[in-house]
Amino acid sequence: MSRRGENIFKRKDGRWEGRYKSGLNEKGKTKYSSVYARTYRECSQKLQEARRRTCVNRSSMTFEQLFEHWLESRKNIIKKSTYVNYVSLYETHIRPEFAAFKPDKITVFMINQYISKLLESGGTRVSGLSSNTVKEIVIVLKSVFKYGEITLNISNPVKNISLPKTEFKEVETFSKAEMERIRNYAITGNVSDLGILLCLYTGMRIGEVCALKWSDIDMDNQLISVSKTLYRIKNPAGNDSKTIIVIDAPKSRKSIRKIPVPPFMIQRLMEFKEKCKSENYFLTCSDRYIEPRTYRERYKNFLKTADIPYKNFHVLRHTFATECIRCGIDVKTVSELLGHSNVKITFNVYSHADDSAKKSKEENKRENRRSCRF
């Protein structure tokens, strides 16, 4: 039984329970908490006190204070890299524009003007920020205002603001001849070279291969388990060390995956595995890791030695995905192998390869029809 629309209920055990909005959960949904008392009056008083503790004084609150409350509510449910990214986006782009404003004074018109400004002349680039960066900024604003709307009943000017369209540029890849050259040089090289080849034929990200251990490679079933990534971020503690190394879960839940070991690499991998302990890092055969920045330099030197024009490390991943699609592997399977959060990302990034594969299939069909004519 409830009383007077205050969200206070009489429980079966005779006590009164009052429920109130206390923030957002890890999925961005409204989170409720409860207070309990033996009488309705006592419960009502406790409920009012709880609501006051949850809310700060709206009349004096600034957007910066709202952001800090929101960030604190997210701190224990997001990755360290995500936390640092939020702070960086706020300090660089949002704080100069909105920090001193009261949230209720920020309007839809102001937000739209701000987005246009970012796209046209934001940051240090004369041409403005990329639509992808602006999209990240707007997502942060949406989350902060949604938190304010739920916990403080603040109006939400970003609720119906559309996100800028994501830019998808045609990806760069290694040619067939370059792939063959990488394969020939790496297969006879050291374990660091073998890591480059592994990324070319599995699509692993640089942070994933840096975090890979020999125990993650199942030779019997010829599978690689990807469950961690290694990266360097700004130190959120802000002490003497400006940056720190973090070994954490991969980019998204779907990035935790199993990938087939390239068959032609099995023998070479076995030769190295015999010399390493299972808990050794793959790239070093020791308990010491290589961080992505160092490994990028090794990759750069490898390409120079192999006389291959430089392309950034991520091109190995792009090449793997493109070749998979061109060979007829469906986009959903490729998405799972890459660990993308959804198939749409894979399709948008590699649509050129999908179009090429479809065109090749049509040409083969026409050729087959011609060859069947008597």
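Which residue in S5 is the bridge partner of aspartate 218? In this predicted model, the partner is leucine 223.

**View 1. Strands S4, S5 and S8 form an open sheet.** The three strands follow the order S4-S5-S8 and pair in the antiparallel sense. At the edges lie strand S4 (217-218) and strand S8 (257-260), each of which pairs on one side only.

**View 2. Strands S4 and S5 are joined by two bridges.** Their pairing is antiparallel. Aspartate 218 is bridged to leucine 223 of S5. Strands of a sheet pair through backbone hydrogen bonds, in either a parallel or an antiparallel manner.

**View 3. Helix H2 (residues 63-74) packs with helix H3 (residues 80-98).** The two axes come within 11 Å and cross at roughly 170°. An angle over 145 degrees counts as roughly antiparallel, and H2 and H3 are therefore roughly antiparallel to each other. On the H2 side the contact residues are Phe63, Glu64, Phe67, Trp70 and Leu71. They meet Tyr83, Tyr86, Val87, Tyr90, Ile94, Arg95 and Phe98 of H3. Sorted by class, this contact holds 10 nonpolar and two charged residues, with no polar ones.

**View 4. Helix H7 (residues 191-202) packs with helix H11 (residues 314-326).** The axes of H7 and H11 are 6 Å apart, and the angle between them is about 35°. H7 contributes Ile196, Cys199, Leu200, Tyr201 and Thr202 to the contact, while H11 contributes Leu316, Thr319 and Phe320. The contact of H7 with H11 comprises six nonpolar and two polar residues, and no charged residue takes part.

**View 5. The largest cavity has a volume of about 40 Å³.** The count of cavities of 30 Å³ or more comes to one. The lining consists of Met204, Glu208, Ala211, Leu212, Asp216, Ser225, Val226, Ser227 and Lys228. Helix H8 (206-211) and strand S5 (223-226) are the elements that give two or more residues to this lining. By class, the lining has four nonpolar, two polar and three charged residues.

Conventions:
Residues are numbered from 1 along each chain as its sequence is written. This is a predicted model: local features need pLDDT of at least 70, side-chain atom pairs count only at pLDDT 80 or more; totals for chains, interfaces and linings use all residues. Side-chain values use heavy atoms; hydrogens and water are left out. Axes are lines fitted to C-alpha atoms, for helices over the stretch in contact, and angles run from 0 to 180 degrees between N-to-C directions. Helices (H or I, at least four residues) and strands (E, at least two) are DSSP runs, numbered from the N terminus. Contact means heavy atoms within 4.5 Å. Ala, Val, Leu, Ile, Met, Phe, Trp, Tyr, Cys and Pro count as nonpolar, Asp, Glu, Lys and Arg as charged, and the others, Gly among them, as polar. On a 1 Å grid over the protein atoms alone, a cavity is a set of points where a 1.4 Å probe fits but cannot get out, and a pocket is an open set with protein on both sides within 12 Å along at least five of seven lines; lining residues have an atom within 4 Å of a point. Grid points are joined across faces, edges and corners, and a volume is the space filled by probe spheres set on the points. Angles under 35 degrees count as roughly parallel, over 145 as roughly antiparallel, 65 to 115 as roughly perpendicular and the rest as oblique. Two strands pair if DSSP finds at least two bridges between them.
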